[in-house]
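User: I would like to learn how to read the features of a protein model. Please take me through them one by one.

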Amino acid sequence: MLIHSDCVQNYVQSATACDSCDTAYAALVSKAFTKENDDVPEPPTRRRGIAIPDGIPNYVTAAGERALRAELEAAPADDRAREIAEHLATAIAMSPPEDRTRVGFGARVTVTDEAGKRVQYRIVGAIEAAPREGAIYWQTPIAEALHDAQVGDRIVLPRGEVEIVAIDYASEPPGEPVPLGYD
């Protein structure tokens with residue numbers, strides 16, 4: 001591209017140049033110095049929960065349902081409120097199973113690996129899932145491996161073999177978060 005030296009001087013002083021130099025100069029100028037496009041769409045809002053696959057029940061724990069309803073009441077009319085409303089419209093609140101000696105939906109499970117490291121998982125519904133806090137979706141490989149196990153059972157998780165040392169179905173008081181994650 002050839003730009004006339006007079007046009008460069010004019011462009012620097014008054015942002016004008018001849019037609020051929022103006023086109024060439026615009027191609028060389030950083031995007032930071034050009035007019036932004038007002039027609040760029042907003043980036044999609046990230047959903048916090050896991051989308052519910054078709055044909056899979058939308059289970060939630062009773063505590064999770066209470067927390068979602070409270071969040072919906074307090075939330076402004078935005079994407080998060082729509083996400084909560086969509087989940088609640090199809091939610092099936094699950095009570096703990098009769099046999100609380102086995103891992104099931106809503107259980108808080110403590111496992112210990114061969115090095116003695118203890119980790120807690122809580123098996124929850126899609127919108128309740130927060131893996132970093134130990135709340136795992138009931139259809140994840142970890143939850144499926146834990147399902148129906150008892151204290152003392154050794155199972156293989158993606159991180160290796162672990163022993164189940166505790167299973168707890170204690171219900172949380174409304175509005176109180178459950179401490180989850182690493183001990």
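User: In β4, which residue is the bridge partner of Val-109?

Analyst: Strands of a sheet pair through backbone hydrogen bonds, either parallel or antiparallel. Here the bridge partner of Val-109 is Tyr-121 in β4. Strand β3 (residues 108-113) and strand β4 (residues 118-124) run antiparallel and are joined by 5 bridges. Two strands count as paired if DSSP finds at least two bridges between them. Strands (E, at least two residues) and helices (H or I, at least four) are DSSP runs, numbered from the N terminus.

The model is predicted: local features need pLDDT of at least 70 and side-chain atom pairs count only at pLDDT 80 or more, while totals for chains, interfaces and linings use all residues. Residues are numbered from 1 along each chain as its sequence is written, and side-chain values use heavy atoms, with hydrogens and water left out.

User: Which strands pair with β7, and over how many bridges?

Analyst: Strand β3 pairs with strand β7 (residues 160-168) in the antiparallel sense over 6 bridges, and Thr-110 stands opposite Ala-166 there. Strand β6 (residues 154-157) is also antiparallel to β7, with 4 bridges. Leu-157 stands opposite Gly-160, and the hairpin of β6 and β7 has 2 residues between the strands.

User: What is the order of the strands in the sheet?

Analyst: The order is β5-β4-β3-β7-β6, an open sheet of 5 strands with mixed pairing. β5 (135-137) and β6 are at the edges with a single partner strand each, so one side of each has no neighbour in the sheet. From one strand to the next, the twist averages 45°; such angles run from 0 to 180 degrees between N-to-C directions, with axes as lines fitted to C-alpha atoms, for helices over the stretch in contact.

User: How do I check the length of a helix, and what should α4 span?

Analyst: The expected span is 1.5 Å times one less than the number of residues. Helix α4 (residues 79-90) has 12 residues and should therefore span 16 Å; its end C-alpha atoms are 17 Å apart, which agrees. At the N-terminal end, Asp-78 caps α4, with a side-chain oxygen 3.0 Å from the backbone nitrogen of Ala-81. A polar contact is a pair of N or O atoms within 3.5 Å; within protein, one must be able to donate a hydrogen and the other to accept it, and residues adjacent in sequence count only if both atoms are side-chain atoms.

User: Which residues of α4 are buried?

Analyst: Buried means under 20% relative accessible area, exposed over 50%, and partly exposed in between (1.4 Å probe, protein chains only). In α4 the buried residues are Arg-80, Ala-81, Glu-83, Ile-84, His-87 and Leu-88. Down the helix axis they fall within an arc of 160°, so they line one face of α4; the arc is that of the directions from the axis to the C-beta atoms. These residues pack against β1 (58-61), α3 (62-74) and β2 (91-94), where contact means heavy atoms within 4.5 Å.

User: And which residues are buried in α3?

Analyst: They are Ala-63, Gly-64 and Leu-68. Their arc down the axis of α3 is within 130°, so they too line one face of the helix. They pack against β1, α4 and β4.

User: What is the phi of Asp-148?

Analyst: Most residues other than glycine have a negative phi. Asp-148 is not a glycine, yet its phi is positive, about 75°. Asp-148 is in the loop between α5 (141-146) and β6, and counts as partly exposed at 40% relative accessibility.
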